[in-house]
Amino acid sequence: MLYLNPAGLSPFHPDIQKEVSRTLAAFSRVLYSEAGVKLYRETFQQARETIARWLELTDPQRLAFVSNTTTACSLILSRINWKTGDTVLTTTHENATILYEIDSLRTRGVQVLSLDPDAAPGFLPAFEHLLNKHSVRAIVISHVSHLDGRIFPLPAIQALARTHRVLFMVDGAQAVGHIPVSFRQLQPDAYFFPGHKWCAGPMGTGALILGKEFVRTFANPDETQDLRKPDQPGWMGFELGTHNIGLIAGLAKACSLKHQEGLQSPVLDSIREEWKTCLKRYEGVRILEWDGPQAPGILSFHRLDETTAQVMQTTAVPQELPCNTFSNPSEPSKLSIRLSWAPATPLSDIRQALACFSSPENG
(Lines give C-alpha, C1' and ligand atoms only; values in the text may rest on other atoms or scores of the structure.)
Protein backbone atom coordinates (compact mmCIF):
# COMPACT_ATOMS: atom_id res chain seq x y z
CA MET A 1 0.00 0.00 0.00
CA LEU A 2 1.25 3.49 -0.92
CA TYR A 3 0.20 5.65 2.01
CA LEU A 4 -0.13 9.39 1.44
CA ASN A 5 -2.25 10.53 4.37
CA PRO A 6 -0.18 11.20 7.53
CA ALA A 7 -2.12 14.47 7.77
CA GLY A 8 -5.03 12.21 8.73
CA LEU A 9 -3.19 9.51 10.68
CA SER A 10 0.56 8.95 10.85
CA PRO A 11 2.04 5.45 10.75
CA PHE A 12 2.95 4.15 14.18
CA HIS A 13 6.58 4.24 15.25
CA PRO A 14 7.71 0.95 16.86
CA ASP A 15 9.53 2.77 19.67
CA ILE A 16 6.28 4.52 20.60
CA GLN A 17 4.36 1.26 20.69
CA LYS A 18 7.05 -0.20 22.96
CA GLU A 19 6.79 2.80 25.30
CA VAL A 20 3.01 2.40 25.53
CA SER A 21 3.33 -1.32 26.32
CA ARG A 22 6.16 -0.80 28.81
CA THR A 23 4.29 1.88 30.73
CA LEU A 24 1.05 -0.08 30.84
CA ALA A 25 2.88 -3.17 32.06
CA ALA A 26 4.55 -1.19 34.87
CA PHE A 27 1.28 0.45 35.89
CA SER A 28 -0.67 -2.84 35.83
CA ARG A 29 1.52 -4.13 38.64
CA VAL A 30 0.56 -1.33 41.02
CA LEU A 31 -2.68 0.16 39.63
CA TYR A 32 -4.29 2.68 42.00
CA SER A 33 -2.30 1.78 45.03
CA GLU A 34 -0.22 4.52 46.61
CA ALA A 35 2.66 3.48 44.36
CA GLY A 36 0.33 3.48 41.35
CA VAL A 37 -0.97 6.97 42.01
CA LYS A 38 2.62 8.17 42.37
CA LEU A 39 3.60 6.52 39.07
CA TYR A 40 0.56 8.01 37.32
CA ARG A 41 1.30 11.54 38.51
CA GLU A 42 5.03 11.32 37.76
CA THR A 43 4.42 9.94 34.27
CA PHE A 44 2.02 12.76 33.43
CA GLN A 45 4.30 15.43 34.82
CA GLN A 46 7.28 14.07 32.88
CA ALA A 47 5.13 14.01 29.74
CA ARG A 48 4.12 17.65 30.28
CA GLU A 49 7.74 18.68 30.70
CA THR A 50 8.89 16.72 27.64
CA ILE A 51 6.30 18.31 25.37
CA ALA A 52 6.83 21.77 26.89
CA ARG A 53 10.60 21.63 26.19
CA TRP A 54 9.97 20.73 22.58
CA LEU A 55 7.43 23.54 22.06
CA GLU A 56 9.34 26.09 24.16
CA LEU A 57 6.47 26.45 26.60
CA THR A 58 7.92 27.99 29.74
CA ASP A 59 5.20 26.68 32.08
CA PRO A 60 4.43 22.96 31.58
CA GLN A 61 1.57 23.27 34.07
CA ARG A 62 -0.48 25.09 31.44
CA LEU A 63 -0.57 21.94 29.31
CA ALA A 64 -3.61 19.71 29.78
CA PHE A 65 -3.97 16.30 28.15
CA VAL A 66 -7.07 15.65 26.03
CA SER A 67 -8.24 12.77 23.87
CA ASN A 68 -8.35 14.78 20.61
CA THR A 69 -8.68 18.29 19.20
CA THR A 70 -12.47 18.22 18.93
CA THR A 71 -12.73 17.46 22.65
CA ALA A 72 -10.33 20.31 23.41
CA CYS A 73 -12.28 22.76 21.27
CA SER A 74 -15.60 21.70 22.80
CA LEU A 75 -14.15 22.07 26.29
CA ILE A 76 -12.78 25.58 25.87
CA LEU A 77 -15.90 26.84 24.10
CA SER A 78 -18.08 25.42 26.89
CA ARG A 79 -16.17 27.40 29.54
CA ILE A 80 -16.98 30.80 28.06
CA ASN A 81 -20.02 32.67 29.33
CA TRP A 82 -21.47 33.49 25.91
CA LYS A 83 -23.99 36.29 25.58
CA THR A 84 -26.58 36.88 22.89
CA GLY A 85 -24.96 39.03 20.19
CA ASP A 86 -21.43 37.66 20.70
CA THR A 87 -19.63 36.70 17.51
CA VAL A 88 -17.12 33.95 16.76
CA LEU A 89 -14.82 34.62 13.84
CA THR A 90 -13.41 31.58 12.04
CA THR A 91 -12.62 30.44 8.47
CA THR A 92 -14.09 28.05 5.94
CA HIS A 93 -10.85 26.03 6.16
CA GLU A 94 -11.51 24.61 9.63
CA ASN A 95 -12.01 20.91 10.22
CA ALA A 96 -15.66 19.86 9.99
CA THR A 97 -15.77 18.68 13.61
CA ILE A 98 -14.40 22.02 14.83
CA LEU A 99 -16.93 23.92 12.72
CA TYR A 100 -19.67 21.76 14.22
CA GLU A 101 -18.61 22.75 17.74
CA ILE A 102 -18.52 26.41 16.74
CA ASP A 103 -21.90 26.25 14.98
CA SER A 104 -23.50 24.70 18.06
CA LEU A 105 -23.05 28.09 19.76
CA ARG A 106 -25.77 29.53 17.52
CA THR A 107 -28.37 27.99 19.85
CA ARG A 108 -27.07 30.37 22.53
CA GLY A 109 -27.54 33.43 20.36
CA VAL A 110 -23.93 33.56 19.14
CA GLN A 111 -23.25 34.71 15.58
CA VAL A 112 -20.68 32.72 13.59
CA LEU A 113 -18.70 34.37 10.77
CA SER A 114 -16.69 32.03 8.53
CA LEU A 115 -14.22 33.92 6.36
CA ASP A 116 -13.14 32.41 3.04
CA PRO A 117 -9.33 32.87 2.99
CA ASP A 118 -9.43 33.20 -0.80
CA ALA A 119 -11.85 36.11 -0.76
CA ALA A 120 -10.76 39.55 -1.97
CA PRO A 121 -9.30 41.99 -0.94
CA GLY A 122 -6.97 39.71 0.95
CA PHE A 123 -7.08 37.62 4.06
CA LEU A 124 -5.76 39.95 6.78
CA PRO A 125 -7.60 43.09 5.58
CA ALA A 126 -10.84 41.08 5.39
CA PHE A 127 -10.15 39.64 8.84
CA GLU A 128 -9.57 43.08 10.35
CA HIS A 129 -12.67 44.46 8.62
CA LEU A 130 -14.86 41.83 10.32
CA LEU A 131 -13.24 42.56 13.69
CA ASN A 132 -14.04 46.25 13.29
CA LYS A 133 -17.59 45.65 12.09
CA HIS A 134 -18.81 43.00 14.54
CA SER A 135 -18.79 42.36 18.28
CA VAL A 136 -16.30 39.50 18.06
CA ARG A 137 -15.77 37.60 21.32
CA ALA A 138 -13.42 34.92 20.02
CA ILE A 139 -11.31 33.90 17.04
CA VAL A 140 -10.99 30.17 16.31
CA ILE A 141 -8.55 29.38 13.51
CA SER A 142 -6.20 26.66 12.32
CA HIS A 143 -2.46 27.16 12.38
CA VAL A 144 -2.21 25.16 9.14
CA SER A 145 -5.20 24.54 6.87
CA HIS A 146 -6.13 20.87 6.70
CA LEU A 147 -7.47 21.46 3.19
CA ASP A 148 -4.42 22.78 1.35
CA GLY A 149 -1.60 23.23 3.88
CA ARG A 150 -1.53 27.04 3.89
CA ILE A 151 0.04 28.46 7.04
CA PHE A 152 -2.11 31.19 8.52
CA PRO A 153 -0.28 34.32 9.79
CA LEU A 154 -0.82 33.69 13.50
CA PRO A 155 1.47 36.48 14.79
CA ALA A 156 -0.53 39.07 12.84
CA ILE A 157 -3.86 37.55 13.90
CA GLN A 158 -2.68 37.42 17.52
CA ALA A 159 -1.85 41.14 17.34
CA LEU A 160 -5.32 41.89 15.97
CA ALA A 161 -6.91 39.79 18.71
CA ARG A 162 -5.06 41.71 21.40
CA THR A 163 -5.92 45.08 19.88
CA HIS A 164 -9.61 44.18 19.79
CA ARG A 165 -9.53 42.32 23.14
CA VAL A 166 -10.71 39.11 21.53
CA LEU A 167 -10.05 35.54 22.72
CA PHE A 168 -7.60 33.82 20.38
CA MET A 169 -7.89 30.03 19.96
CA VAL A 170 -5.84 27.89 17.58
CA ASP A 171 -6.28 24.40 16.15
CA GLY A 172 -2.74 23.10 15.69
CA ALA A 173 -3.70 19.67 14.32
CA GLN A 174 -1.78 20.14 11.06
CA ALA A 175 1.04 22.19 12.57
CA VAL A 176 2.63 20.52 15.61
CA GLY A 177 5.17 17.99 14.40
CA HIS A 178 4.93 19.39 10.87
CA ILE A 179 6.20 22.97 11.04
CA PRO A 180 8.14 24.79 13.78
CA VAL A 181 5.87 25.74 16.69
CA SER A 182 7.16 27.80 19.60
CA PHE A 183 5.27 29.38 22.48
CA ARG A 184 7.92 31.99 23.13
CA GLN A 185 6.25 34.49 20.81
CA LEU A 186 2.99 32.70 20.11
CA GLN A 187 0.71 33.18 23.12
CA PRO A 188 -2.88 32.27 22.28
CA ASP A 189 -5.60 31.83 24.87
CA ALA A 190 -5.86 28.20 23.83
CA TYR A 191 -3.91 26.00 21.42
CA PHE A 192 -4.76 22.35 20.89
CA PHE A 193 -3.36 19.48 18.82
CA PRO A 194 -3.72 15.69 18.52
CA GLY A 195 -1.05 13.05 19.00
CA HIS A 196 -1.94 10.87 16.03
CA LYS A 197 -1.23 13.18 13.10
CA TRP A 198 2.16 14.86 12.55
CA CYS A 199 3.44 13.95 16.01
CA ALA A 200 3.14 10.28 14.94
CA GLY A 201 1.87 9.41 18.42
CA PRO A 202 -0.98 7.21 19.64
CA MET A 203 -4.61 7.74 18.70
CA GLY A 204 -6.75 9.00 21.57
CA THR A 205 -4.17 11.54 22.75
CA GLY A 206 -3.68 15.26 22.42
CA ALA A 207 -2.73 18.38 24.29
CA LEU A 208 -4.43 21.66 25.15
CA ILE A 209 -2.12 24.58 25.93
CA LEU A 210 -3.80 27.34 27.88
CA GLY A 211 -3.03 31.02 28.17
CA LYS A 212 -2.51 32.39 31.68
CA GLU A 213 -5.49 34.74 31.53
CA PHE A 214 -7.74 32.04 30.09
CA VAL A 215 -6.86 29.73 33.00
CA ARG A 216 -7.49 32.47 35.54
CA THR A 217 -10.88 33.38 34.07
CA PHE A 218 -12.28 30.12 32.74
CA ALA A 219 -10.78 27.27 34.78
CA ASN A 220 -14.16 26.72 36.44
CA PRO A 221 -17.45 26.21 34.58
CA ASP A 222 -19.11 28.74 36.91
CA GLU A 223 -17.36 32.01 36.10
CA THR A 224 -19.04 33.77 39.02
CA GLN A 225 -16.83 31.88 41.47
CA ASP A 226 -13.07 31.77 41.35
CA LEU A 227 -12.40 28.53 43.21
CA ARG A 228 -8.84 28.05 41.99
CA LYS A 229 -6.10 28.13 44.55
CA PRO A 230 -3.21 30.45 43.63
CA ASP A 231 -0.77 27.54 43.42
CA GLN A 232 -3.11 25.19 41.56
CA PRO A 233 -1.61 24.09 38.21
CA GLY A 234 -3.26 25.47 35.10
CA TRP A 235 -4.19 22.08 33.69
CA MET A 236 -6.49 21.29 36.63
CA GLY A 237 -10.03 22.10 35.61
CA PHE A 238 -9.30 21.30 31.95
CA GLU A 239 -7.83 17.79 32.20
CA LEU A 240 -11.05 15.87 32.77
CA GLY A 241 -11.20 12.36 34.17
CA THR A 242 -8.60 9.61 34.12
CA HIS A 243 -6.42 9.22 31.03
CA ASN A 244 -4.67 6.14 29.69
CA ILE A 245 -1.19 6.35 31.23
CA GLY A 246 0.33 4.23 28.47
CA LEU A 247 -0.99 6.44 25.67
CA ILE A 248 0.20 9.62 27.39
CA ALA A 249 3.67 8.08 27.80
CA GLY A 250 3.52 7.19 24.10
CA LEU A 251 2.62 10.77 23.16
CA ALA A 252 5.56 12.08 25.19
CA LYS A 253 7.85 9.57 23.48
CA ALA A 254 6.57 10.65 20.05
CA CYS A 255 7.22 14.32 20.85
CA SER A 256 10.66 13.48 22.23
CA LEU A 257 11.55 11.67 19.00
CA LYS A 258 10.36 14.66 16.96
CA HIS A 259 12.49 16.92 19.14
CA GLN A 260 15.57 14.73 18.65
CA GLU A 261 15.15 14.05 14.94
CA GLY A 262 13.90 17.48 13.90
CA LEU A 263 11.09 18.21 11.47
CA GLN A 264 13.17 17.60 8.31
CA SER A 265 11.31 20.35 6.46
CA PRO A 266 13.77 20.46 3.51
CA VAL A 267 13.08 16.77 2.81
CA LEU A 268 9.33 17.31 2.93
CA ASP A 269 9.56 20.41 0.75
CA SER A 270 11.67 18.71 -1.91
CA ILE A 271 9.01 16.00 -2.20
CA ARG A 272 6.35 18.70 -2.52
CA GLU A 273 8.24 20.32 -5.39
CA GLU A 274 8.46 16.94 -7.15
CA TRP A 275 4.71 16.51 -6.83
CA LYS A 276 4.10 20.00 -8.21
CA THR A 277 6.34 19.32 -11.20
CA CYS A 278 4.54 16.05 -11.86
CA LEU A 279 1.01 17.46 -11.54
CA LYS A 280 1.74 20.45 -13.78
CA ARG A 281 2.00 18.02 -16.68
CA TYR A 282 -1.80 17.77 -16.62
CA GLU A 283 -3.53 20.78 -18.11
CA GLY A 284 -6.69 20.02 -16.15
CA VAL A 285 -5.02 20.16 -12.74
CA ARG A 286 -5.01 23.24 -10.53
CA ILE A 287 -2.73 23.13 -7.49
CA LEU A 288 -4.32 24.76 -4.44
CA GLU A 289 -2.00 27.38 -2.97
CA TRP A 290 -2.13 30.95 -1.82
CA ASP A 291 0.46 33.72 -1.90
CA GLY A 292 1.57 33.03 1.68
CA PRO A 293 3.68 30.24 3.20
CA GLN A 294 2.73 26.59 2.71
CA ALA A 295 3.38 23.62 4.97
CA PRO A 296 5.97 21.33 3.33
CA GLY A 297 4.20 17.98 3.80
CA ILE A 298 0.85 18.76 2.13
CA LEU A 299 -0.15 19.35 -1.47
CA SER A 300 -3.75 19.68 -2.65
CA PHE A 301 -5.19 20.07 -6.12
CA HIS A 302 -8.42 20.11 -8.13
CA ARG A 303 -9.35 17.73 -10.85
CA LEU A 304 -10.95 20.04 -13.39
CA ASP A 305 -12.04 18.02 -16.41
CA GLU A 306 -13.06 14.52 -17.50
CA THR A 307 -9.56 13.51 -18.57
CA THR A 308 -8.09 14.51 -15.24
CA ALA A 309 -10.99 12.89 -13.42
CA GLN A 310 -10.21 9.60 -15.15
CA VAL A 311 -6.56 9.88 -14.11
CA MET A 312 -7.56 10.42 -10.50
CA GLN A 313 -9.97 7.51 -10.54
CA THR A 314 -7.11 5.20 -11.53
CA THR A 315 -4.63 6.54 -8.98
CA ALA A 316 -5.78 8.47 -5.94
CA VAL A 317 -9.11 6.80 -5.25
CA PRO A 318 -8.18 3.07 -5.09
CA GLN A 319 -7.25 1.49 -1.77
CA GLU A 320 -3.62 1.04 -2.76
CA LEU A 321 -3.08 4.83 -2.66
CA PRO A 322 -4.86 6.19 0.44
CA CYS A 323 -5.07 9.98 0.49
CA ASN A 324 -7.76 12.53 1.31
CA THR A 325 -10.52 13.83 -0.96
CA PHE A 326 -12.64 16.87 -0.10
CA SER A 327 -14.86 19.61 -1.46
CA ASN A 328 -13.05 22.94 -1.45
CA PRO A 329 -15.21 25.75 0.02
CA SER A 330 -14.16 28.15 -2.73
CA GLU A 331 -15.15 25.72 -5.51
CA PRO A 332 -17.47 23.14 -3.95
CA SER A 333 -18.50 21.59 -7.28
CA LYS A 334 -14.98 20.27 -7.90
CA LEU A 335 -13.49 17.27 -6.12
CA SER A 336 -10.14 18.10 -4.56
CA ILE A 337 -7.39 15.73 -3.47
CA ARG A 338 -4.93 16.21 -0.61
CA LEU A 339 -1.64 14.33 -0.64
CA SER A 340 0.54 14.30 2.47
CA TRP A 341 3.75 12.61 3.46
CA ALA A 342 6.06 12.39 6.46
CA PRO A 343 9.86 12.18 6.70
CA ALA A 344 9.42 8.47 7.41
CA THR A 345 7.40 7.91 4.21
CA PRO A 346 9.58 5.56 2.13
CA LEU A 347 11.10 7.34 -0.86
CA SER A 348 10.23 4.27 -2.93
CA ASP A 349 6.54 4.86 -2.14
CA ILE A 350 6.79 8.50 -3.21
CA ARG A 351 8.45 7.56 -6.49
CA GLN A 352 5.95 4.80 -7.16
CA ALA A 353 3.06 7.18 -6.53
CA LEU A 354 4.66 9.80 -8.79
CA ALA A 355 5.00 7.16 -11.46
CA CYS A 356 1.25 6.53 -11.28
CA PHE A 357 0.61 10.13 -12.25
CA SER A 358 3.41 10.27 -14.82
CA SER A 359 2.79 7.03 -16.70
CA PRO A 360 1.75 7.34 -20.38
CA GLU A 361 -1.46 5.36 -19.91
CA ASN A 362 -2.59 7.95 -17.37
CA GLY A 363 -1.60 10.87 -19.51
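Predicted model: local features only at pLDDT ≥ 70, side-chain atom pairs only at ≥ 80, totals over all residues.
In helix α1, T23, A26 and F27 meet G36, L39, Y40 and T43 of helix α2, a contact here being heavy atoms within 4.5 Å. The helices and strands themselves are DSSP runs, numbered from the N terminus (helices are H or I with at least four residues, strands are E with at least two). The axes of α1 (residues 14–28) and α2 (residues 34–55) come within 9 Å and cross at roughly 155°; axes are lines fitted to C-alpha atoms, for helices over the stretch in contact, and angles run from 0 to 180 degrees between N-to-C directions. That makes α1 roughly antiparallel to α2 (over 145 degrees counts as roughly antiparallel, under 35 as roughly parallel, 65 to 115 as roughly perpendicular and the rest as oblique). Sorted by class, the α1 contact with α2 has four nonpolar, three polar and no charged residues. Here Ala, Val, Leu, Ile, Met, Phe, Trp, Tyr, Cys and Pro count as nonpolar, Asp, Glu, Lys and Arg as charged, and the others, Gly among them, as polar.

Residues are numbered from 1 along each chain as its sequence is written, and side-chain values use heavy atoms, with hydrogens and water left out.

On to the sheets. An open sheet of seven strands runs in the order β1-β7-β6-β5-β4-β2-β3, with mixed pairing; two strands pair if DSSP finds at least two bridges between them. At the edges stand β1 (63–66) and β3 (111–115), each with a single partner strand, so one side of each has no neighbour in the sheet. The twist in this sheet averages 20° from one strand to the next. Inside it, β5 and β6 (residues 190–194) pair in the parallel sense over three bridges, and V170 stands opposite Y191 in β6.

Another open sheet has four strands, ordered β8-β9-β11-β10 with antiparallel pairing. Its edge strands, β8 (285–288) and β10 (324–327), each pair on one side only, and the twist averages 30° from one strand to the next. Helix α9 (residues 265–279) packs on this sheet, touching β8, β9 (298–303) and β11, and its direction makes about 15° with that of β9. Four bridges join β10 to the antiparallel strand β11 (residues 335–340), with S336 as the bridge partner of F326.

On a 1 Å grid over the protein atoms alone, a cavity is a set of points where a 1.4 Å probe fits but cannot get out, a pocket is an open set with protein on both sides within 12 Å along at least five of seven lines, and lining residues have an atom within 4 Å of a point. Grid points are joined across faces, edges and corners, and a volume is the space filled by probe spheres set on the points. The largest cavity has about 50 Å³ of space, and its lining has one nonpolar, two polar and six charged residues.

The largest pocket comes to about 520 Å³. Of its 25 lining residues, Q187, P188, D189, G211 and E213 are the closest to its centre, and α7 gives the largest share of the lining, five residues.
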